[in-house]
Amino acid sequence: SFKYGWQERRMDGAVSGPGASSGIFTWRNNYVRRADNDNVSSNHALDWATFMMGLPTGISIDTNDSQYLRTPRRAFFFQDDWRLTSKLRVSLGLRYEHEGGSTERYNRGLVASFFPDLKLPFTDLVQAAYAQNPMPELPASQFKVLGGTRYLGQDGYGTVTKGVNWLLPKVGLVYSINPKTVIRTGWGMYADTYNIANSQPDSTGYSLPTGTPVTNDNGLTFCCTVGAASGIAQGNTILKDPFPVRSDGSRFDTPLGNKLGYIPRVGRNYNSSNYALDWNWRPALQHRWRIGVQRELAHNLLLDVSYNGAYSYLPMTYRVDSLPANYWATGNTRKQAQDDYLNAQVANPYNIKNLAPLQQSDPLIYNYLAGQSMFTSSTMRRNQLLRPFGQMADVRGIRPGDNFNDKRGYMTYHDMQLLVERRFTRGLATSFMYTWASSYAADFWNNEFDTAPSERINNNIRPHRIAWSGTYEFPWGKSRTWVKDGFWSYLIGNWNGGWVYQWQTGQATNWANRFYYGDLAASGDVFKHDEVHSKDIHKWFDGSIAYRGSGAIPDGFVGFEGRASGQPGSYHVRVFPNRLDTLREDGILNWDLKIERAFPIKPERGIQARFSVDLLNAFNHTNFSGPNLDPTSANFGTVNTQRGLSRVIQFNFRFEF
């Protein structure tokens, strides 16, 4: 039998929202900590101090435009089934899919790509300013100010991404060994989608936030009529006038459309997974395969054993402006000097004073840059200046010289499934399934400077899972085996029961970068989960394996660095795995029960009432959430929350006719 089909689809959508039309105010410890390059964790409580003093570290307010978006899609498929013999059947199929890049009716948006070679209006001016005061580790000849974004409709880019064309074949085979045993196998390719339902282009320029530079000298003086820090007082804070009148008489930035050219995101990030992608972006692509044997053990009992597998290509983006690896600390102890060095302030070549010629040649660009703190501050952190594309705060995409297809991640999946199913006979139907699964995914970056994604255990998959469900009709009552009529039929007849049992292992624990002393391969023995948890259900593992003493780590100590001041700094390469299979969180152990009574009124006409009681988590078993994994915390190794609900009892009444 030959089948074919054609699909034509246009996905349209309107996006509109005022955004933060009342303003966004952020509060950090920049002005009240001991030193501007001091980032130890004990200083984070000082964020509250800036709030109490009325000194926000960031101020912005949105003025947003709308968007009218469209994604076109077209598909054809062909499928043919052949019954080659009485025992063998083969199915072949081929699907072609074309998904065009999304468009905006009036080109109000940015192409989903960072273009690293674009020359900006201030390129020469900033490079000349840097050459007057270069840093030893970055000669002036190596300091480049290139890279920006393009608007839709600019330089021939009419769509957010290039779009994709897929050829997706599949093949299936069924072979009947005998009337009670069948083998089924198949392979196919499947593609994900990228459309306006899950992503809209960045609209900076059309939707333009107004930002107020709070301070240009790290808190010595402030904006908004405050002046010198010594003038801060009740009634004289930044919040008195957070959007002051500027030299041109305005308070807020007026959306400029695409007049900003290549620079709408300079001084800001371009890192959203929705729009900071790549012109050659391709959604996920997956190969799936399966082989299984079905056997009828009895006239009402089925056994199904199968192997299932998949391999997926995962689209990935990463930091294009990553700080080179040679600036990062290594080893198994904190290098505070490295953090201090990279966080130190240096002269800012992007300062607006260095861009004075733009005031005459391009006043629109000049005024736009003059409203951003990167261009008004006299200094900037050394790590920002050492990054490529330092004019961007954080930009994601594909690095120069890299190919999108070469930088895709991947996911592998394998499982074995056992299914035993009893069809409804003599009032009983039940199904039992056991699954063993293994999956790994290269879907994240251990370090921002890495050249390829890193592999880790896939926490969407659990190694072991059992599910057992069933229903049972008790054999007494109307239309049943016994006690069909009379008083006892009305009293005890037409009862039903049901259950769902679930058990599965928990996910691998997720860890921040930590210093661990000892053999990671033997870390399961160090945690002592079984021993500790059996004595105290709130202890998931031995929390004493964090060293909190003074001085150097003692010889022979096995465990974690437990002192906050000794944790890896902001610029320390990852030295501890992102996930640990040797220590998993609590899984699921759950019974759901149902007791039901049917009241036949006129069963021959299908009229009856039903009353039931559902016992969800019937035995009130606690499934725990993950443990505290911070070795600096006194609760290290402790579980203090649960996953899921305690017992829930539901009463239901239903009338059927």
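**View 1. α5 supplies the largest share of the lining of the second largest pocket, 4 residues.** The model is predicted: local features need pLDDT of at least 70 and side-chain atom pairs count only at pLDDT 80 or more, while totals for chains, interfaces and linings use all residues. Residues are numbered from 1 along each chain as its sequence is written, and side-chain values use heavy atoms, with hydrogens and water left out. At least two lining residues each come from β11 (210-211) and α5 (363-369). Helices (H or I, at least four residues) and strands (E, at least two) are DSSP runs, numbered from the N terminus.

**View 2. The second largest pocket has a volume of about 660 Å³.** Its lining has 30 residues, of which R246, D248, N367, A370 and G371 lie nearest the centre. By class the lining divides into 14 nonpolar, 12 polar and 4 charged residues. Here Ala, Val, Leu, Ile, Met, Phe, Trp, Tyr, Cys and Pro count as nonpolar, Asp, Glu, Lys and Arg as charged, and the others, Gly among them, as polar. A pocket is an open set of points on a 1 Å grid over the protein atoms alone, where a 1.4 Å probe fits, with protein on both sides within 12 Å along at least five of seven lines; lining residues have an atom within 4 Å of a point. Points are joined across faces, edges and corners, and the volume is the space filled by probe spheres set on them.

**View 3. Strands β9 (residues 164-178) and β10 (residues 181-191) pair in the antiparallel sense over 8 bridges.** Pairing requires at least two DSSP bridges between the strands. A hairpin of 2 residues joins β9 to β10, and N178 stands opposite T181 in β10.

**View 4. β10 also pairs with β15 (residues 285-298), in the antiparallel sense over 11 bridges.** Y190 has Q286 in β15 as its bridge partner.
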